[in-house]
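I opened this notebook to record, entry by entry, what I looked up in the structure.

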Amino acid sequence: MSVRNLIVATGVTVGLMSGVAMAAGPEVVSGPGADPACFVPWSDSTSYFKWPAKEGPYRIAVVNGFVGNVWRIQMIQTAKAYAALPEYGDNLKEFKVVSVGTDMAAQLGAVEDFINQGFDAVLIDPNTPKGWDRVIRLANQKGTILIAFDNQVETDKMAGVAQDQVIMGVQGGQWLVDHIGKKGKLLEIRGVPGFSADQERHDGFRSVVEGDGMDFEIVEVVGNWAPGDSQKATADAIAAHGHFDGIFTQGGTNGTVQALIDAGHPFVPIAGEGENLYRIQMAEFADQGLKGFSYGQSPAQVAIAMKEALAALKGEPIPQLVKIPNPTTTYDTMEAGVDYFPDLTADFFAANAFPPCGLNFTAPQLMAQTGDDEQ
């Protein structure tokens with residue numbers, strides 16, 4: 001089930017405002033909501049949630065799942081950097097970040113623990129899209145606001161912040177077709193199995209390259225959105241299958257490029273993620289045949305979820321699902337200092353600015369934070 005199918009308004013009232021509204025969950029209302037330039041509803045039919053206003057300062061937690069790649073570490077750094085700014089931190093009584101690994105039971109337990117401790121809002125990067133009904137009911141009983149981000153959950157009863165993962169796959173697939181034609185051998189490097197983002201990008205990519213008139217041989221491997229894993233998966237695929245005409249990867253893209261270099265494989269068109277090191281490679285090797293397309297799943301979306309939670313706690317309506325635009329750039333359009341940072345060789349994601357939300361995180365801001373739990 002794609003994110004796009006999660007946000008069709010049902011017209012079902014999740015809870016009614018009353019003297020016990022905090023135990024009933026949010027009221028479903030019509031828009032517009034708070035800060036409409038930032039909190040853009042997913043579609044015209046997206047409903048809005050409204051909770052009774054609470055007085056601050058607030059207790060807010062971020063519950064991450066998988067943490068074994070650069071994106072997740074930078075997401076945690078972004079959350080900490082935003083919480084440290086006076087504009088946000090002045091509204092906080094307590095702020096915590098925990099990473100629980102890929103175990104769903106551990107993530108559910110962590111969220112429930114924060115709810116039972118009386119936290120006002122819990123932001124979640126879900127390990128899986130299913131199994132959240134019990135937690136949502138508990139949050140509604142206790143008056144805790146839940147917001148999913150990055151990956152999403154299969155429900156219209158939890159707020160969410162997301163980029164269109166299906167469109168990312170479509171964009172990458174179409175870019176490859178435009179640059180190599182309608183036939184050839186493609187390498188598809190997937191993310192972490194079981195995550196909705198991985199499945200949706202895969203579905204979008206395949207909808208293009210397996211569409212009418214296409215004649216591709218596709219080799220599929222798992223790279224876990226991590227440079228080291230992607231490098232090994234690419235190297236193994238080259239050793240087993242020989243030459244590829246194009247590559248679609250969900251992450252760890254700079255590892256994939258390094259595997260091509262190590263194997264002596266000619267550079268080919270690559271549709272990859274928004275890592276700064278990949279974009280540096282795009283610039284460095286463009287005249288040697290590396291035609292690169294880079295889409296951005298921004299770690300900074302956690303800050304949008306934090307900003308939205310603050311608005312909701314103050315009683316302002318928010319969309320049930322906020323749609324964040326997918327920033328993209330290509331080897332022949334990107335600009336140094338804007339789309340990538342050639343003097344910064346640390347592994348990080350370059351797309352961190354959302355001007356409509358007043359958010360623009362610099363590399364020094366992020367690097368000053370750790371990716372460890374904030375207890």
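**Entry 1: an open sheet**

I found six strands forming an open sheet in the order 9-8-10-11-12-15, with mixed pairing; strands are DSSP runs of E of at least two residues, helices are runs of H or I of at least four, and both are numbered from the N terminus. Two strands count as paired if DSSP finds at least two bridges between them. The edges are strand 9 (215-222) and strand 15 (328-330), each of which pairs on one side only. I noted that this is a predicted model, in which local features need pLDDT of at least 70 and side-chain atom pairs count only at pLDDT 80 or more, while totals for chains, interfaces and linings use all residues. Residues are numbered from 1 along each chain as its sequence is written, and side-chain values use heavy atoms, with hydrogens and water left out.

I then followed strand 8 (residues 183-190), which pairs with strand 9 in the parallel sense over eight bridges, and I saw that R190 has V222 in strand 9 as its bridge partner.

**Entry 2: strand 3**

Is strand 3 mostly covered or uncovered? I found seven of its seven residues buried, where buried means under 20% relative accessible area with a 1.4 Å probe, protein chains only. Y58, I60, V62 and N64 lie on one side and R59, A61 and V63 on the other. I recalled that in a regular strand the side chains alternate between the two faces of the sheet.

Strand 3 pairs with strand 4 in the parallel sense over seven bridges, and four bridges join strand 3 to strand 5, also running parallel. V63 stands opposite V98 in strand 4 and has I124 as its bridge partner in strand 5.

Leaving aside neighbours within four places in sequence, I listed the residues in contact (heavy atoms within 4.5 Å) with F95, among them I60, V62, A79 and M306.

**Entry 3: helix 1**

Why is helix 1 largely enclosed by the rest of the structure? I found that 13 of its 15 residues are buried, so the helix is largely enclosed.

Methods:
Buried < 20%, exposed > 50% of the residue type's maximum accessible area, 1.4 Å probe, protein only.
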